[in-house]
Amino acid sequence: MFLEALGSAILGLALAWAAAYRLPHRLPARSLVLSTGVAGGLFGAFLTHTALGSVGFLPVMLGAVAVAAASLSLLLRPAGRLHRHHSATV
């Protein structure tokens, strides 16, 4: 169980670091991104382990990566600015 927690935290951190490296203009502060990746990985491992039981290391790590990726995707901002035309007659 300790290896699952450590592995999921490392995978979440690696995924968050890759996202922060590739998309710095679309993400908030790096510290928030990294901590979200670690927390998402740990929560994903906990959730997968609770739902599936002791099925093995690989399914738990896949669940950790999936939840970490979903958590990081919530931090993304739109790529470009939305151009809305405001009219005084509306």
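Predicted model: local features only at pLDDT ≥ 70, side-chain atom pairs only at ≥ 80, totals over all residues.
Q: Good to know. What is the handedness of the crossing where H2 passes H3?

A: H2 passes H3 in a right-handed crossing.

Q: Which residues of H2 and H3 meet there?

A: Quite a list! From H2 there are Val33, Thr36, Gly37, Gly40, Gly41, Phe43, Gly44, Ala45, Leu47, Thr48, His49 and Leu52. On the H3 side, they meet Pro59, Val60, Gly63, Ala64, Val67, Ala68, Ser71 and Leu72.

Q: Let's zoom out. How many helices and strands does the protein chain have?

A: Three helices and zero strands, so that the order of elements from the N terminus reads α-α-α. Of the chain's 90 residues, 29% count as buried.

Q: And among contacts between residues at least 6 apart in sequence, what share join residues at least 24 apart?

A: That share is 70%.

Q: Back to H3. Which of its residues are buried?

A: Val60, Met61, Gly63, Ala64, Val67, Ala68, Ser71 and Leu72 are the buried ones. They cover an arc of only 165 degrees around the axis, so they sit on the same side of H3. Leu58 and Leu62, on the other side of H3, are exposed.

Q: What do the buried residues of H3 pack against?

A: Two partners: helix H1, residues 2–22, and H2.

Q: How does the span of H3 compare with what its 17 residues should give?

A: It agrees: H3 covers residues 57–73 and should span 24 Å at 1.5 Å a residue, and its end C-alpha atoms are 24 Å apart.

Q: I'm curious about threonine 48. Where is it, and is it buried or exposed?

A: Threonine 48 belongs to helix H2, residues 30–52. Its relative accessible area is 13%, so it counts as buried, the cut-off being under 20%. Beyond its neighbours within four places in sequence, threonine 48 is in contact with Gly53, Pro59, Val60, Gly63 and Ala64.

Q: Now valine 65. Which helix is it in, and how accessible is it?

A: Valine 65 lies in H3. Its relative accessibility is 32%, so it counts as partly exposed. Setting aside neighbours within four places in sequence, valine 65 is in contact with Leu11 and Leu15.

Q: How far apart are valine 65 and glycine 12?

A: In sequence, 53 residues; in space, 6.4 Å from C-alpha to C-alpha.

Q: Last one: how do H1 and H2 pack?

A: At an angle of about 145 degrees, with their axes 7 Å apart. Their crossing is right-handed. The contact involves residues of H1 including Ser8, Gly12 and Trp17, and residues of H2 including Gly37, Gly41 and His49.

Methods. Residues numbered from 1 in each chain as written. Heavy atoms only, no water. Helix = DSSP H or I, 4+ residues; strand = E, 2+ residues; numbered from the N terminus. Buried < 20%, exposed > 50% of the residue type's maximum accessible area, 1.4 Å probe, protein only. Contact = heavy atoms within 4.5 Å. Expected span 1.5 Å × (residues − 1). Arc of directions from axis to C-beta. Left-handed = near helix turned anticlockwise from the far one by under 90°. Axes fitted to C-alpha atoms, helices over the stretch in contact; angles between N-to-C directions.
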